[in-house]
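Good morning, and thank you for joining.

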Amino acid sequence: MKRERQEESGVDLNLRRFIKNLGYIAGGAALAATVPWLSACTPEKLQEIGRRRARVALIGTGSRGQYHIHNLKLIPHAQIVALCDTYAPNLEAAHALCPEARVCTDYRRLLEDKEIDGVIISTPLNMHAPITLDALAAGKHVFCEKAMALTLDECKAVYEAYQRTDRALYFCMQRMYDEKYIRGMQLIHSGLIGEVVGMRCHWFRNADWRRPVPSPELERTINWRLYREFSGGLMTELACHQLEVCNWAAKKMPQTIVGMGDIVYWRDGREVWDSVNVTYRYSDGRKIAYESLISNKYNGMEDQILGNLGTMDMTRGLYYLEEDRSQSGVRQLIGQVRDRVFASIPAAGPSWRPELRSEYMPHPVIEGAVHVNGGQNMIGVDEDGSDVILSAFCQSCITGEKAENVVEEAYCSTVLCLLGNRAMEERRFIEFPDEYKIPYMKF
Amino acid sequence: MKDIIIPAAALCRELRIAVGCFLAAVAVNAGAVVAYERPWTELFSQIGYVIVIAAVLYLLLWPLRLLGRGACLLGRRIRK
């Protein structure tokens, strides 16, 4: 029904509503400063494409690939024409979702097909860079899952290839297209939480990160996230998104990195750590404290931007003020009296008193639209920005217009993930290497 | 069961004290509006808090009034 309505209108209602909600028309200049990548998908440009459709092929049809298929089916200017995977059960499941699409097992055959405008890559991480480079060389527009690549050199190669090509390249950094992240970032940059003094991100789960394996020889193919030849572990799979948010807030890149990684619980033959703690330090002393653990989920996932006047909890789309002036005067007065009566220590100054976390009043970044799900998810379980960025990519396939800064942001966050892994591996304090710096980076 | 008779004078006194507490609570709310630079509409919108503060003040006055009454009785006995 929804699909029919969208097809009738000839434009992507989701994308239009999203951009309209952001006030693109009213505050275009201010918005462009925070999210320049949206300039490739304005409502006017969306109108221009009319009823044209991007003919896209999916390379990699596992759970993420199939998730993209669901989203693509809701995008009127997208047409899935081919599917490719080396693992037959996934390919069959994906084909069942879009029976009209052709299927193949060798992605190079897809790239030779002149009918295909763009490819969507949802493969294990080790294949991101090779396929992206081949696809760009073949003249295809490319949408690739994060992270950008498995190694620093591959990241550089992809970045350089992008500089040379006129094709659009997107990495699925969906937080860049997530309405509450954009709103939250606008508020941060407007000074709502004061000066950004630090960032605190974590991602906690209590699961082994494994998938069922029908036969032992498929273990590394299916559970590729657990093995270093395919994956960067928690850093590339989880931290990548969060580090991008931190740099977006700080408007610069960290200069030094130190961390520790270990397997503390899931000693099941995996090669990647199940517990990582990494500290990224900016040149002005601000730090990102990153932590991920997959044997305790008490803390869930959080991206916190800390300011001297307040805290922005990006994940939940909420902010908290240190001195909350939004409360009524009498409530503030009662709070102050309560603090004086119950928190004063008559014998000495308060410096040694343990400061347990106070109760802060949450304020939504988007009025009336916040649904908190135990920190596991955000505003609208299905609307985390993945659908919008995919829609923007399909638009780029038609217009040929590149989205500003998407590749650069993906490059920055992926390189930071890989440097975090290097710091943990070598157990040393490392400086950001000059050879991986790009003009986009500010230190 | 014995009827409890509250004299009109006592009722008037309690009423005056309650109104005094309410006005004091309104003054606290007005002070808070000024101190925290909040809109004057809070004089009405925060009436719930004002009523609670007035009730608390009224209750807090009870022990003081009992002490006062006790002191008066003691003084009278001493004078006798």
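In chain B, α1(B) passes α3(B) in a right-handed crossing; a crossing is left-handed if the near helix is turned anticlockwise from the far one by less than a right angle, and right-handed if clockwise. Before going further, please note that this is a predicted model, in which local features need pLDDT of at least 70 and side-chain atom pairs count only at pLDDT 80 or more, while totals for chains, interfaces and linings use all residues. Residues are numbered from 1 along each chain as its sequence is written, and chains are lettered from A and ligands numbered from 1 in the order in which they are written.

Helix α1 of chain B covers residues 8-35 and helix α3 of chain B covers residues 47-79; they pack at an angle of about 130°, with their axes 8 Å apart. Helices (H or I, at least four residues) and strands (E, at least two) are DSSP runs, numbered from the N terminus. Axes are lines fitted to C-alpha atoms, for helices over the stretch in contact, and angles run from 0 to 180 degrees between N-to-C directions. α1(B) and α3(B) are therefore oblique to each other; angles under 35 degrees count as roughly parallel, over 145 as roughly antiparallel, 65 to 115 as roughly perpendicular and the rest as oblique.

Which residues meet here? On α1(B) they include B:Ile17, B:Phe22 and B:Asn29, and on α3(B) they include B:Tyr49, B:Leu57 and B:Leu61. Contact requires C-beta atoms, placed from the backbone, within 7 Å. The residues of this contact of α1(B) with α3(B) divide into 15 nonpolar, 1 polar and no charged. Here Ala, Val, Leu, Ile, Met, Phe, Trp, Tyr, Cys and Pro count as nonpolar, Asp, Glu, Lys and Arg as charged, and the others, Gly among them, as polar.

Let us turn to chain A. It has 15 helices and 15 strands, and of its 443 residues, 42% count as buried. A residue is buried if 20 or more other C-beta atoms lie within 10 Å of its own, exposed if 12 or fewer, and partly exposed in between, with C-beta atoms placed from the backbone.

The domain assignment of chain A, automatic or from a database, gives domain 1 (2-176 + 385-403) and domain 2 (192-383 + 413-436). Their contact takes 16 residues from domain 1 of chain A and 17 residues from domain 2 of chain A. Helix α9 of chain A, residues 152-164, gives the most to the domain 1 side, with 3 residues.

Helix α5 (residues 63-72) and helix α6 (residues 88-97) of chain A pack at an angle of about 5°, with their axes 10 Å apart. α5(A) and α6(A) are therefore roughly parallel to each other.

Finally, the backbone. Most residues other than glycine have a negative phi, and most peptide bonds are trans. A cis peptide bond, however, joins A:Lys146 and A:Ala147, with omega about -5°; A:Ala147 is in the loop between β5 (141-144) and α9 of chain A. Phi is positive, near 70°, at A:Trp209, which is partly exposed, with 18 other C-beta atoms within 10 Å. A:Lys251 has a phi near 60°, also a positive value. Is A:Lys251 buried or exposed? With 11 C-beta neighbours inside 10 Å, A:Lys251 counts as exposed.

Technical notes. Contact = placed C-beta atoms within 7 Å.
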